[in-house]
Amino acid sequence: MKEFAIFFWVLSLCVFCPAVAMDENHEFYEIPAWPELIDELRQGGFVLYMRHGRTDSSQPDQVPMDLDDCSTQRPLTDEGRQEIIQVGQAIIDSGIPVKDVVSSPLCRAKESARLAFGDNIVVEENLMYTAHLTSEEKIPIVEKTRELVSKPVEEPGMNRILVAHAPNLADLMDYFPEVEGTVVIFKPLGQGEFEYMASILPHEWGQFIP
């Protein structure tokens, strides 16, 4: 019966899948941001999904991982910390208003969120890193990720920030942002639907600062 429920959950994702960038071979490709889109972001109403800053791959996550012990998790590098500070400042300098900042519970995501946007963040357990999880364990995380990128932003003129992980987007929409610190822009459409707009790599923000 459990396998049956999972089958229908996966089927529902296919039925209500969002508009995404695909080529004729159904492979996802990134769309670079453009100035007019940044103008729209300045008016609010979008979701910015930021992958955490650059990490030290020589210190991989331990399995099982202890969320309360950062030493069991892949850490940010010093360069990653500095870069994510610069991304957060670039978002501010670009005139993009931010209200709600929601972070994964992993240390590298929480640290990235605080470095970029300050201490006023909300930690969401169901933005957990999915790479080491079973298909069943991923279900509530994918559902919460979908909810947060599809739910309209409540406060007019503001944007929502999510700080989390590449595998979560891969599970949601077959998109794995390769570069740590990438910001993925979504237009929330409500009722579980959203539109992928563009991606901005860390070094690309300079062109959007007035």
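Predicted model: local features only at pLDDT ≥ 70, side-chain atom pairs only at ≥ 80, totals over all residues.
Biologist: Which residues of helix 3 and helix 4 meet, and what makes that a contact?
Modeller: R81, I84, I85, G88 and I91 in helix 3 meet E111, S112, L115, A116 and F117 in helix 4. A contact has heavy atoms within 4.5 Å. By class, this contact has six nonpolar, two polar and two charged residues.

Biologist: Why are helix 3 and helix 4 called oblique?
Modeller: The axes of helix 3 (residues 78–93) and helix 4 (residues 107–117) cross at roughly 45°. Under 35 degrees is roughly parallel, over 145 roughly antiparallel, 65 to 115 roughly perpendicular, and the rest oblique. The angle of roughly 45° falls in the rest, so the pair is oblique. The axes come within 7 Å, and the crossing is right-handed, meaning that the near helix is turned clockwise from the far one by less than a right angle.

Biologist: Which residues of helix 4 are buried, and what makes them so?
Modeller: C107, R108, A109, S112, A113, A116 and F117 are buried. Buried means under 20% relative accessible area (exposed is over 50%, partly exposed in between, with a 1.4 Å probe and protein chains only). These residues of helix 4 pack against strand 1 (47–51), helix 3, strand 2 (98–103) and strand 4 (159–164).

Biologist: What follows helix 4?
Modeller: G118 does, with a positive phi near 95°.

Biologist: How do you know how helix 5 and helix 6 lie to each other?
Modeller: Helix 5 (residues 135–150) and helix 6 (residues 166–173) pack at about 85°, with axes 10 Å apart. That angle puts the pair in the perpendicular class, so they are roughly perpendicular. K138, I141, V142, T145, R146 and V149 in helix 5 meet N168, D171 and L172 in helix 6. This contact has four nonpolar, two polar and three charged residues.

Biologist: How many helices and strands are there in the protein?
Modeller: The protein has six helices and six strands. Along the sequence the pattern is α-α-β-α-β-α-β-α-β-α-β-β.

Biologist: What share of the protein's residues is buried?
Modeller: Buried residues make up 48% of the 210 residues.

Conventions
Residues numbered from 1 in each chain as written. Heavy atoms only, no water. Axes fitted to C-alpha atoms, helices over the stretch in contact; angles between N-to-C directions. Helix = DSSP H or I, 4+ residues; strand = E, 2+ residues; numbered from the N terminus. Nonpolar A, V, L, I, M, F, W, Y, C, P; charged D, E, K, R; others polar.
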